[in-house]
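Thanks for coming, everyone. Let me put the structure on the screen, and then I'll walk through the fold and some helix packing.

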Amino acid sequence: MNAPYSSETLASLRDDHAARPRRLFIGGAFVEAASGETFDVVDPATGQVFAHAASGTSEDVDRAVKAARAAFEGWAATPPAQRARLLHALADRIEAAGERIALTETLDNGMPFMMAKFAGVFGAAEALRYNAGWATKLTGETMQISWPGEWQAMSLREPVGVVGAIVPWNFPFVMAVSKIAAALAAGCTVVLKPAEQTPLSAALLGELIADAGFPAGVVNIVTGFGETAGAALAAHPGVDKISFTGSTSVGKAIVHASTGNLKRVTLELGGKSPTLIFADADLQKAIPAAAMGIFGNAGQVCAAGSRLYVHERVYDEVIAGISARARTLRVGAGLTPGTEMGPLVSQVQLDRVLGYVESGRADGASVDVGGARITEGDHGHGYFVQPTVLSGTVSGMKVVEEEIFGPVLCAMRFGDDDVEAIAASANATDYGLSSAVWTRDISIALKLARRLKAGTVRINGGGGVDPAMPLGGYKQSGWGRENGRAGVEAYTELKSVTIGL
């Protein structure tokens, strides 16, 4: 099977990454970090350093915020149709550079190339086009008020200001672009902080933003570590809003950091999402969907279906089917043709995932399949772990209660169709990001849609993330929503205006 990409492009890209460290993008120009320092970028499929990126600190964040502030008034006053045209222009450039971006994402993150291309590159382009449509449609409304006299009352939507966008390493490019797209459509300017594990696609994004013709300072990109650059951005008094996607623990730290100027905060955080499979479900669809719901992107998905509840009448069949899929899943480097699951992103993440598997064993869970690092052949130096199914898990175990962020499924059974009891089990977690229900009984499906404490409920498949559908969580899975009307309006302030006639 031939590689789905050009070997010449890959060779050129590797040489380019190796030859020059990726710089910061501030005020429309690529610049070195103030300290002059860089940090290593590791290919998770090999465990080897293959590139370097500028190590931004608080001084660089301050430069970027000032550039964004200087650009804000002009960008907010830019006619919405012109903002939309620039977003479309960036989408076109992303698609044209799709192979290069996807290869960078695969080298940096480890995900299979086709996932990087379709979910990452094309997903990013669609997010830009969708949000471009909102640029001309963010309106206020008129109201009828009850005071004596004659009045004209209305509301206005105005951009919130300078936005700090902090994105994680699991889908770095599409998440960065999605945040930028909504903020720019609303008239905000942005300082983007990518994860230190995956900084390279953000550098390519800066090149495309400059080429698309965005005014200097409208988007700024500072690579660096969370403890330095990320913390400085979250606490900076010149930032009006933080949009963060990542772990719940870091989300809580961002809330504390935001109190200095009470900046607005949107948080899309962790999850421990349940998948519920009833006895009447279409198992030919439910089994592969449940398997890839946890093994896709090596389980490094905030909405991964990591807790599986199956009716006892079909439990053995479902677990056997998912385990069989785990055994046959093609695990390998993201650039190897046919790879279905890549490595974990880092040694830290590998140690974390394997530690949870051992915790499950110690608490009495059975490892039906997987549970170990893959070391043979070409996998020896990469951060590869076997797709894993744990059975005999119960509420109270760490593997059931805490987010693992790896390809580890905790399987449990239920004995009847008591919707209240099933919903209570599914809701018995601090998280509430996503959920999935498989049943042919429309009454059960809709009752659970109302009772599950999750920002997303997918019934019998229900599709993936779409820029039109609000995304966010209940409880400790976050604050606010991204995507859709709600996602764009989150970057605005609502102003009331009353006129005496």
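The secondary structure of this chain comes to 16 helices and 22 strands. Helices here are DSSP runs of H or I with at least four residues, strands are E runs of at least two, and both are numbered from the N terminus. The radius of gyration is 23 Å, close to the 23 Å that the globule rule gives for 501 residues, so the chain is as compact as a globular protein of that length. That radius is taken over C-alpha atoms, and the rule is 2.2 Å times the number of residues to the power 0.38.

A word on provenance. This is a predicted model: local features need pLDDT of at least 70, side-chain atom pairs count only at pLDDT 80 or more, and totals for chains, interfaces and linings use all residues. Residues are numbered from 1 along each chain as its sequence is written, and side-chain values use heavy atoms, with hydrogens and water left out.

Along the principal axes, the C-alpha atoms fill a box of roughly 70 × 70 × 40 Å. Of the 501 residues, 54% count as buried, meaning under 20% relative accessible area with a 1.4 Å probe, protein chains only. Now contacts, meaning heavy atoms within 4.5 Å. Among those between residues at least 6 apart in sequence, 73% join residues at least 24 apart.

Next, helix pairs. Helix H3 (residues 80–96) packs with helix H6 (residues 172–185) at about 165 degrees, axes 10 Å apart. Axes are lines fitted to C-alpha atoms over the stretch in contact, and angles run from 0 to 180 degrees between N-to-C directions. That makes H3 roughly antiparallel to H6, the class for angles over 145 degrees. Arg83, Leu87 and Ile94 in H3 meet Phe173, Val177, Ala181, Leu184 and Ala185 in H6. By class, that is seven nonpolar, no polar and one charged. Ala, Val, Leu, Ile, Met, Phe, Trp, Tyr, Cys and Pro count as nonpolar, Asp, Glu, Lys and Arg as charged, and the others, Gly among them, as polar.

Second pair. The axes of H4 (residues 98–109) and H7 (residues 200–212) come within 8 Å and cross at roughly 160 degrees. H4 is therefore roughly antiparallel to H7. Arg100, Ile101, Thr104, Glu105 and Asp108 of H4 touch Leu200, Ser201, Leu204 and Leu208 of H7. Those residues divide into four nonpolar, two polar and three charged.

Last, H8 (residues 226–235). Which of its residues are buried? Ala229, Gly230, Ala232, Leu233 and Ala234. The buried residues of H8 pack against elements including helix H2 (58–77), strand S7 (162–166) and helix H9 (248–257).

Note on methods:
Parallel < 35°, antiparallel > 145°, perpendicular 65-115°, else oblique. Buried < 20%, exposed > 50% of the residue type's maximum accessible area, 1.4 Å probe, protein only.
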